[in-house]
Amino acid sequence: MSAFTSGAGGDKLEPPPGEGILPEEMVVRTERRWAWVVVSVLGAIAAVIVVTGAVEGLHPPSNVETIDPAKVYQSREFSESNLGTAIEPGGRATVRMIGQQYSFVPQCVTVPVGAPVTFRLTSADVIHGFLVGGTNINTMVVPGYVAQVTGTFSRPGTYTMPCHEYCGLGHAGMAAEVRAVPPQEMPAPGSVERVRCATQ
Ligand code: CUA
């Protein structure tokens, strides 16, 4: 620009743009418009995340909670006797399971219908995935992390819970079962009773 501005009178002596070359103001104006479009789109996306998170309680399915994958069974929460369904005071249920090549432990859990059920899973080896068929309960099970998803079963029934992340040769056979039963049929006297249905 300075090359074409005369020093004396301050008159601008810009040459006419060459063929196919747009004047600078037009380029700047267009770029500025696009910058606003991009900033607006990013702002809208951020607003959707904040609003749905705050108003509708939407969030990524898993929480950030770490665990030593080599010591899963030795941990207090995921020791074998603590796996399965625990009924919390108030009727909520917490299901603790471990994913490993190529099964979930335990293989089957019973949960109450109509009460919030929180699944807490971790992996003892590689990345697995779990979803409860017919529901929106679905997340990854990553070694080193505890995956947590909460959902409520509205209908009793038996739900298949397949691993949905390729985890090795036995992946296709890796699945557990979730049985949702009316709360009064939960075989769970006592406030924190572990329930399993893997034996039959
Ligand atoms: Cu575990 Cu696929």
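Analyst: Two strands are said to pair when DSSP finds at least two bridges between them. The model discussed here is predicted.

User: What makes β9 and strand β10 a pair?

Analyst: The requirement is at least two bridges. β9 and strand β10 (residues 175-181) have six bridges, in the antiparallel sense, and therefore they count as paired.

User: Why are β4 and β9 called edge strands?

Analyst: The open sheet of three strands is ordered β4-β10-β9, and its pairing is mixed. β4 (108-112) and β9 (157-162) each pair on one side only, and they are the edge strands. On average, neighbouring strands of this sheet are turned by 25 degrees against each other, direction ignored.

User: Is Ala86 called buried, exposed or partly exposed, and why?

Analyst: Ala86 lies in strand β1 (residues 84-87). A residue needs 20 or more other C-beta atoms within 10 Å to be buried, and 12 or fewer to be exposed. Ala86 has 19 within 10 Å, so it is partly exposed. Ala86 and Val111 stand 25 residues apart in sequence, while their C-alpha atoms are 8.9 Å apart in space.

User: How much of the contacts with a separation of 6 or more comes from residues 24 or more positions apart?

Analyst: Such residues account for 62% of those contacts in the protein chain.

How values were computed. Residues numbered from 1 in each chain as written. Predicted model: local features only at pLDDT ≥ 70, side-chain atom pairs only at ≥ 80, totals over all residues. Contact = placed C-beta atoms within 7 Å. Helix = DSSP H or I, 4+ residues; strand = E, 2+ residues; numbered from the N terminus. Axes fitted to C-alpha atoms, helices over the stretch in contact; angles between N-to-C directions.
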